[in-house]
Amino acid sequence: MYGYYGYDTLFLAVIVVFILGIWAQIRVKNTYKKYSQEYASSGVTAANMAERMLSEHGSSVQVTMIPGSLTDNYNPRTGLVSLSQGTYGSTSVAALAVAAHEIGHVMQHQEGYIPIKIRNAILPAASIGSTAAPYIVILGAIMGSYNLAMIGVYLFLAMLIFQIVTLPVELNASGRGLEMLESGGYISYDQRGDAKAVLRAAAMTYVVAAISTLVSFLRLLMIAGNSRRRN
């Protein structure tokens, strides 16, 4: 069914995705570095801006600082928006864009955004699939059990769906963030494109992650298919 051509194609895809991943990470860092040198017209720090946005939307979520660079995140379980050291006290366009993106996630949870509900529902199965699925597929292949191998494939499918659903979640958070930046007067009209460039570069990492997961899924499906042929 698959043959050597299929293996060669997947091997090439793995290499391409690996290169894309490196490129995406470099692009994020370079874009953030570039626009971290451009200061927002409002002169407000990312932390202060985030707190104002949360207050304006009646949110009880708190803003805190965490170590690292580009480690910014929102955790709905703890009710914390964590901004990295390079973002927290910065007044740059890059910092404000990253912080606004995280507030976008807060608004998604607050408003019950459907894609994020779907992603959260898939998360438990996706977590299991990302770690256990490859081992289950390989074990099924070794034992010549197609059914066991396919259990691993279906588990990993949850991870693939999770990554696909993540794309609209992240893009929507960026869109919300940009809208809040503009409507709040935190950046000038001329700086909108620069803030968008930062968020677009970050979004590319999620696109690459989804492609990488798809390639891994096809590889596991191929291994499972081989176990069926041996029966």
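Q: How many bridges join E1 to strand E3?
A: Keep in mind that this is a predicted model. E3 covers residues 80-84, and E1 and E3 run parallel. Thr64 stands opposite Ser82 in E3. The count of bridges joining E1 to E3 is 5.

Q: Why is one side of E1 and of E2 left without a neighbour in the sheet?
A: The sheet is open, with 3 strands in the order E1-E3-E2 and mixed pairing. That puts E1 (62-66) and E2 (73-75) at the edges, so one side of each has no neighbour, as each has a single partner strand.

Q: Which helix packs on the sheet by touching E1 and E3?
A: Look at residues 46-56, whose direction makes about 155° with that of E1. H4 (residues 93-111), for its part, lies across E2 and E3, at about 25° to E2. The helix touching E1 and E3 is H2.

Q: Which element gives the largest share of the largest nonpolar core?
A: This core has 35 residues, and Met49, Met53, Val81, Leu96, Ile103 and Leu181 touch the most other members. Several elements supply at least two residues each, including H1 (3-35), H6 (146-183) and H7 (192-229). The largest share is 11 residues, and it comes from H4.

Q: Which residues does Met53 touch, leaving out those up to four places away in sequence?
A: Met53 is one of the core residues that touch the most other members. With sequence neighbours up to four places away set aside, its contacts are Ala100, Ile103, Met180, Leu181 and Tyr186.

Notes: Residues numbered from 1 in each chain as written. Predicted model: local features only at pLDDT ≥ 70, side-chain atom pairs only at ≥ 80, totals over all residues. Heavy atoms only, no water. Pairing = 2+ DSSP bridges. Helix = DSSP H or I, 4+ residues; strand = E, 2+ residues; numbered from the N terminus. Contact = heavy atoms within 4.5 Å. Axes fitted to C-alpha atoms, helices over the stretch in contact; angles between N-to-C directions. Core = buried A, V, L, I, M, F, W, Y, C linked by side-chain atoms within 4.5 Å. Buried < 20%, exposed > 50% of the residue type's maximum accessible area, 1.4 Å probe, protein only.
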